[in-house]
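Dear colleague,

I am passing on the structure below, together with some notes on what turned up in it. Please read them with the coordinates open beside you.

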Amino acid sequence: MAKYLLLKHYRGAPAPVNDVPMDQWTPEEISAHLQYMNDFAARLEKTGEFVDGQALAPEGMWVRYDGEGRPPVTDGPFAETKDLIAGWMVIDVDTYERAVELAGELSAAPGAGGKPIHEWLEVRPFLTATPTITECPHR
C-alpha cells in the first residue's frame, strides 16, 4: 500500500465547474458539503484506506529558524498561502489508479445549489525513499 496526499486548493488550480466561493454558500450548502466529506472518510475508514484529513483555518504565518539562541522569525500572515490550501486528506491505497479514482469521487462534493463542485484536487504520493542528489529538486 502507498500513501497519497489529496490536497484541496482554494486557488491555484484550474477553476472547478461549480465555481462559487464557499463564503457565498448557505449554511445548508456548507453542511451538505461537510457531510459528504465525512461520509467519504467514513467509507474509506471501513476499507482501511483512510489515514487522516483536515480542513485548514484561514489564519497562519510563516516561521523560520534564525540561529542558535535566537527566537524564530515570523512573518505574515500571507493571504496567498491561506487562500491556496483549503485542506487535505491522506489515503493509503494499493495503486496510483485507486488514488486518482478516490480523488475524482472527492472532487464531486456538493457546493452551491447542492451541485457537485468538480474541483481539481492535487494527488501527491508520499516520498518512500531518500532522493539521490540528481533527483533532489532543490539542487
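This is a predicted model: local features need pLDDT of at least 70, side-chain atom pairs count only at pLDDT 80 or more; totals for chains, interfaces and linings use all residues.

I begin with helix H3, which spans residues 96–106 and whose buried residues are Arg98, Ala99, Leu102, Ala103 and Leu106. Seen down the axis of H3, these buried residues fall within an arc of 140°, so they line one face of the helix. In general, an α-helix has 3.6 residues a turn, so residues three or four places apart point the same way. The partners against which the buried residues of H3 pack are S1, H1, strand S5 (85–93) and strand S6 (121–125).

Tyr36 lies in helix H1 and counts as partly exposed, because its relative accessibility is 26%. Not counting residues up to four places away in sequence, Tyr36 touches Glu105, Leu106, Ala108, Ala109 and Pro110, and its side chain reaches the backbone oxygen of Glu105 at 2.6 Å. The C-alpha atoms of Tyr36 and Pro110 are 7.4 Å apart, although the two residues are 74 residues apart in sequence.

Pro16, for its part, is found in the loop between strand S1 (2–9) and helix H1 (27–47). With a relative accessibility of 21%, Pro16 counts as partly exposed, and, leaving aside its neighbours within four places in sequence, Pro16 is in contact with Ile117, His118 and Glu119. A separation of 9.4 Å lies between the C-alpha atoms of Pro16 and Pro116, which are 100 residues apart along the chain.

Technical notes. Residues are numbered from 1 along each chain as its sequence is written. Side-chain values use heavy atoms; hydrogens and water are left out. Helices (H or I, at least four residues) and strands (E, at least two) are DSSP runs, numbered from the N terminus. Buried means under 20% relative accessible area, exposed over 50%, partly exposed in between (1.4 Å probe, protein chains only). Contact means heavy atoms within 4.5 Å. A polar contact is a pair of N or O atoms within 3.5 Å; within protein, one must be able to donate a hydrogen and the other to accept it, and residues adjacent in sequence count only if both atoms are side-chain atoms. The arc is that of the directions from the helix axis to the C-beta atoms.
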